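Try each task yourself before you read the solution.

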Amino acid sequence: MRIARAVADVSFRLSMELAGRWAHDRLLRAAEDPESAQRRILRQILKACRTTELGRRYRISTIDGVEAFRARVPICDSETLRGAVDRQIASGRAVASSSMPIMYARTSGTTGAPKLIPVTSTVLRRLKRAQRIMAYVQHASLDAFRGSILGIGGAVCEEWLRDGTPAGAATGLIYETMPAPLRAKYLVPPAVFAIADYDLKYATLARLAVGAGDLSAIATANPSTILRLVDVLRNTLPEIVGEIEAGVTPLLAGLSPETARSLSLLRSPDPRRAAALQTLLDRRCEVTIADLWPDLRSVVTWLGGGCAHAADRVRRQLPPGARMIDAGYVASELRGTVVVDADRNLALPLLQDVFFEFVPVEEWDKGARETLLLHQLQQGRDYHVIVSTEAGLLRYHMNDVLRAGASIGRTPSLSFIRKGRGVTNITGEKLTEDQVHLAMAEALRSSGVGARFYTLVALPALSRYRAYVEFDAPIGDAGRFQSVLDQAICRLNIEYSAKRRSGRLHPLRLAVLRAGAAEAHRRHCVEVKGQRESQLKIPALLTAEECRFNFDAHLSTDAPLAVGHS
């Protein structure tokens, strides 16, 4: 075991210093001249897609240059691609992509029906290169891989399609195809990601993670996944201590034989780790991430948008030397950015892999579709993003809003702000998710409590918003919290304030949720709506029509509504 671990350590460091450094430096060189880099990748995309259905429709083989591309090919949405993918699967011929895919990346269906995105060998190669850049930054800045790594992804095969191609998570494919000496550093075998039983999967992940006292890096898209693991450990740690000491676990009985065989680590007695955990139990009422893994160096996860609150809860539990690094702009359709500056969490667009176009949010809302390129963005402004890739996406509107930040080289960094549909409008106020996050942070700070979960639901029939919140401690004065939240939104959104003063919007109502409501909602999204758990994004803002979960069934009996019941 020690020899295998030493080989894995050496292999990992060599990979970082050679392949990782090369990919990182190559991206930084491209960032010095984004206009040229984008012209080059557009030529490659046009060449790759010339035989696809869209490529033939728009005669892209005759297109020369950016202006001709924008003039010839219209901006499209997911439905344009969906039809081509359906015909590709039905016919067994390359229709949507230039070659038949290894798999299809399946979206979580956050805002609509799940989509299938072709993942070809070329796409996989580019995804792996981006992964190496991300790993190199952690290695160079934090020496993050000195110990074990807890990486949590999705299953490669969530379903088999009619043509025999798997559909699932591209993260799982990257994980499965990792060289064996490198994967030896990772605690979780790929088979665990495919465990269908929600509770069993988390129990298995938690059991693997807590057995590693040397854990130095965690990587998972959603910070709520980490919080869920910690909750599982808090509830089961006394039993787990005995299992680790004896090298046994009842979890294996509930797993498939293949998955159980991959978990030999759970059958290895570790009296030393068990003793350390028992000492922890003896002196702590509620363990934290820092208690469980004091050598943790980096946590890679989403930090912005709807994940900001959960990320902050993770941050407060970390040991002093650990740092949180944003996972970047990642979607099932593509990987768009990678963090290259760990100190400032600045993410560069992958301008050698994706051709980017942008429309300022305020212009998009007016119906304008004239696009800007990377080198034309202004720091601090928000943009709708349109992408083209070798997977067959041509001028594909992602329905995401990104913010241009400080430049690296001559290329602006990008950060995810919200989904494009993350706006509600009862009577002209156009409230946005980022405004909700800022207002909620102010209200929580003012009240001196935290929250496990929150979302605002627009109720046009009542001309008001209802804020559903699960606090992590009893709320002393729910009425005051409600008032502070409403006032904070007024300060952040002048139209909301005007509508409140005129009476066109009634005061916001607070609905206090009982403990466990957040977990019930999360389970509903996974088991009922079919969203991928590892990439689940909880909207902070919903319309009444979009809200498919009965929050009212989970109201606290102590303070169901702060003021009023309408």
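Predicted model: local features only at pLDDT ≥ 70, side-chain atom pairs only at ≥ 80, totals over all residues.

Residues are numbered from 1 along each chain as its sequence is written, and side-chain values use heavy atoms, with hydrogens and water left out.

**Exercise 1. Salt bridges within a helix**

*Solution.* 
- Step 1: start with the rule. A salt bridge is a side-chain nitrogen of Lys or Arg within 4 Å of a carboxyl oxygen of Asp or Glu. The model has 34 salt bridges by this rule.
- Step 2: Helices here are DSSP runs of H or I with at least four residues, strands are runs of E with at least two, and both are numbered from the N terminus.
- Step 3: take E67. E67 and R70 are 3 residues apart in helix 4 (residues 66–72), a separation of about one helical turn.
- Step 4: recall the helix geometry. An α-helix has 3.6 residues a turn, so residues three or four places apart point the same way.
- Step 5: check accessibility. Buried means under 20% relative accessible area, exposed over 50% and partly exposed in between, with a 1.4 Å probe and protein chains only. E53 is buried at 16%, and R57 is partly exposed at 47%. E67 is exposed at 54%, whereas R70 is buried at 18%.

**Exercise 2. A bridge between separate elements**

Which parts of the chain does the D343 and R323 pair tie together?

*Solution.* 
- Step 1: confirm the bridge. The closest N and O atoms of D343 and R323 are 2.8 Å apart.
- Step 2: D343 sits in the loop between strand 9 (337–341) and strand 10 (346–349), and R323 in strand 8 (residues 323–326), so the bridge ties together parts 20 residues apart in sequence.
- Step 3: D343 is exposed at 64%, while R323 is partly exposed at 28%.
- Step 4: Salt bridges link R126, R129, D353 and E390.

**Exercise 3. A bent helix**

Where does helix 10 bend?

*Solution.* 
- Step 1: define the bend, which is the angle between axes fitted to the seven residues ending at a residue and the seven starting there.
- Step 2: apply this to helix 10 (residues 223–246). The bend is about 70 degrees at T236, and the proline P238 follows within four residues.
- Step 3: step past the helix. Just after helix 10, G247 has a positive phi of about 75 degrees.

**Exercise 4. A buried charge**

What surrounds E470?

*Solution.* 
- Step 1: locate E470 in strand 18 (residues 464–471).
- Step 2: look for an opposite charge, counting Lys and Arg as positive and Asp and Glu as negative, with His and the chain ends left out. E470 is buried without a salt bridge, and the nearest side chain of opposite charge, R452, is 4.1 Å away.
- Step 3: list contacts, meaning heavy atoms within 4.5 Å. Leaving aside neighbours within four places in sequence, E470 touches residues including R452, F453, L513 and G516.
- Step 4: look at G516 again. Its backbone nitrogen lies 3.2 Å from a polar atom of the E470 side chain.

**Exercise 5. Enclosed strands**

How many residues of strand 11 and strand 12 are buried?

*Solution.* 
- Step 1: count strand 11 (residues 355–360). 6 of the 6 residues are buried, so the strand is largely enclosed by the rest of the structure.
- Step 2: separate its faces. F355, E357 and V359 point one way, and F356, F358 and P360 the other.
- Step 3: count strand 12. 7 of the 7 residues are buried, so this strand too is largely enclosed by the rest of the structure.
- Step 4: trace the pairing, for which DSSP must find at least two bridges between two strands. Strand 11 runs antiparallel to strand 12 (residues 382–388), with 6 bridges joining them, and F358 stands opposite V385. Strand 12 also pairs with strand 13 (residues 396–408), antiparallel over 5 bridges, and D382 stands opposite R403 there.

Note on methods:
Polar contact = N/O pair within 3.5 Å; in protein donor to acceptor, adjacent residues only side chain to side chain.
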